[in-house]
Amino acid sequence: MINEKMEKAFNDQINAELYSEYLYLSMKAYFETLNLKGFVNWMDVQVQEEHAHAMGMFDYVNSRGGKVTLKAIDAPKTEWNSPLEVFEDVLKHEELVTSLINKVADVAEEVKDRAALNFLNWYIKEQVEEEDNVGNVLATLKLIGNDSHGLFAYDKELATRTFVAPVIG
Ligand code: OFO
């Protein structure tokens, strides 16, 4: 049976993951307005990943005899001035999520829930990958600058990203 404090930490993180899904969906909508279909695809994969992250925790809380309690999801930002500005926000957001996951792991340590800590290790590793991926996109966008041909070519590259359902835990 899951500790009450641990259950609350997971429920808060489920909300944060669903907010991430919503934020990336909003970014996807922005890229649709620019007709940058590769960026749309990149965001679509990100949306699916965030949904999987939320559901991984949803299923875990249930498997430990806890109860998932859903809360309202905050409205995401809806306007950006450039793809670069979007990815600056993505990196900031992923850094925030990393700190939130670390806090959930802190709770697991505090209540001595080794099983939860073991489960959370997957998320800790995933955040390293997420920040790395986003950092790479951001670096490329900085190199491209105002070169619309470069942006067009990069859009084609981002169109190749595919969603692979993660095996969590
Ligand atoms: Fe769930 O990893 Fe991004 O936010």
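Aspartate 132 counts as partly exposed, with a relative accessibility of 46% (buried means under 20% relative accessible area, exposed over 50% and partly exposed in between, with a 1.4 Å probe and protein chains only). The model is predicted, so local features need pLDDT of at least 70 and side-chain atom pairs count only at pLDDT 80 or more, while totals for chains, interfaces and linings use all residues. Residues are numbered from 1 along each chain as its sequence is written, and side-chain values use heavy atoms, with hydrogens and water left out. The points below cover helix packing, aromatic rings, loop residues and distances between residues.

- Helix H1 covers residues 4-34 and helix H3 covers residues 83-110, while helix H2 spans residues 37-63 and helix H4 spans residues 114-144; helices (H or I, at least four residues) and strands (E, at least two) are DSSP runs, numbered from the N terminus.
- H1 packs against H2 at an angle of about 165°, and their axes are 8 Å apart (axes are lines fitted to C-alpha atoms, for helices over the stretch in contact, with angles from 0 to 180 degrees between N-to-C directions).
- This angle makes H1 roughly antiparallel to H2 (under 35 degrees is roughly parallel, over 145 roughly antiparallel, 65 to 115 roughly perpendicular and the rest oblique).
- The crossing in which H1 passes H2 is left-handed (the near helix is turned anticlockwise from the far one by less than a right angle; clockwise would be right-handed).
- Sorted by class, the contact of H1 with H2 has 16 nonpolar, five polar and eight charged residues (Ala, Val, Leu, Ile, Met, Phe, Trp, Tyr, Cys and Pro are nonpolar, Asp, Glu, Lys and Arg charged, and the others, Gly among them, polar).
- For H3 and H4, the packing angle is about 165° and the axes are 9 Å apart.
- That angle makes H3 roughly antiparallel to H4.
- H3 passes H4 in a crossing that is left-handed.
- In the contact of H3 with H4 there are 19 nonpolar, four polar and seven charged residues.

**Aromatic rings**

- Rings of Phe, Tyr and Trp (its six-membered ring) pair if their centres lie within 6.5 Å; planes under 30 degrees apart count as stacked, over 60 as edge-to-face and the rest as tilted.
- Under this rule, the model has twelve aromatic pairs.
- For phenylalanine 31 and phenylalanine 87, the ring centres are 6.3 Å apart and the planes stand at 40°, so the pair is tilted.
- Phenylalanine 31 belongs to H1 and phenylalanine 87 to H3, so the pair ties together parts that are 56 residues apart in sequence.
- Phenylalanine 31 and phenylalanine 87 are both buried.
- One aromatic cluster is formed by Tyr30, Phe31, Phe39, Trp42, Trp80, Phe87 and Tyr154.
- Tryptophan 42 has arginine 161 over its face, at 4.3 Å from the ring centre (a charge sits over a ring if NZ of Lys or CZ of Arg is within 6 Å of the ring centre and within 35 degrees of the ring normal).

**Loop residues with positive phi**

- Asparagine 35 is located in the loop between H1 and H2, and its phi is near 60°, a positive value in a residue other than glycine.
- With a relative accessible area of 52%, asparagine 35 is exposed.
- Lysine 112 is located in the loop between H3 and H4, and its phi is near 55°, again a positive value in a residue other than glycine.
- Lysine 112 is exposed, its relative accessible area being 69%.

**Residues and distances before H1**

- Methionine 1 is in the segment before H1 and counts as exposed at 80% relative accessibility.
- From methionine 1 to phenylalanine 58 the separation is 57 residues in sequence and 15 Å in space, C-alpha to C-alpha.
- Asparagine 3 is also in the segment before H1, and it is partly exposed, with a relative accessible area of 33%.
- Asparagine 3 and leucine 141 are 138 residues apart along the chain, and their C-alpha atoms are separated by 44 Å.

- Glutamine 48 is part of H2 and is partly exposed, with a relative accessible area of 32%.
- Between glutamine 48 and leucine 117, which are 69 residues apart along the chain, the C-alpha atoms are separated by 24 Å.
- Aspartate 132 and valine 107 stand 26 Å apart in space, C-alpha to C-alpha, and 25 residues apart in sequence.
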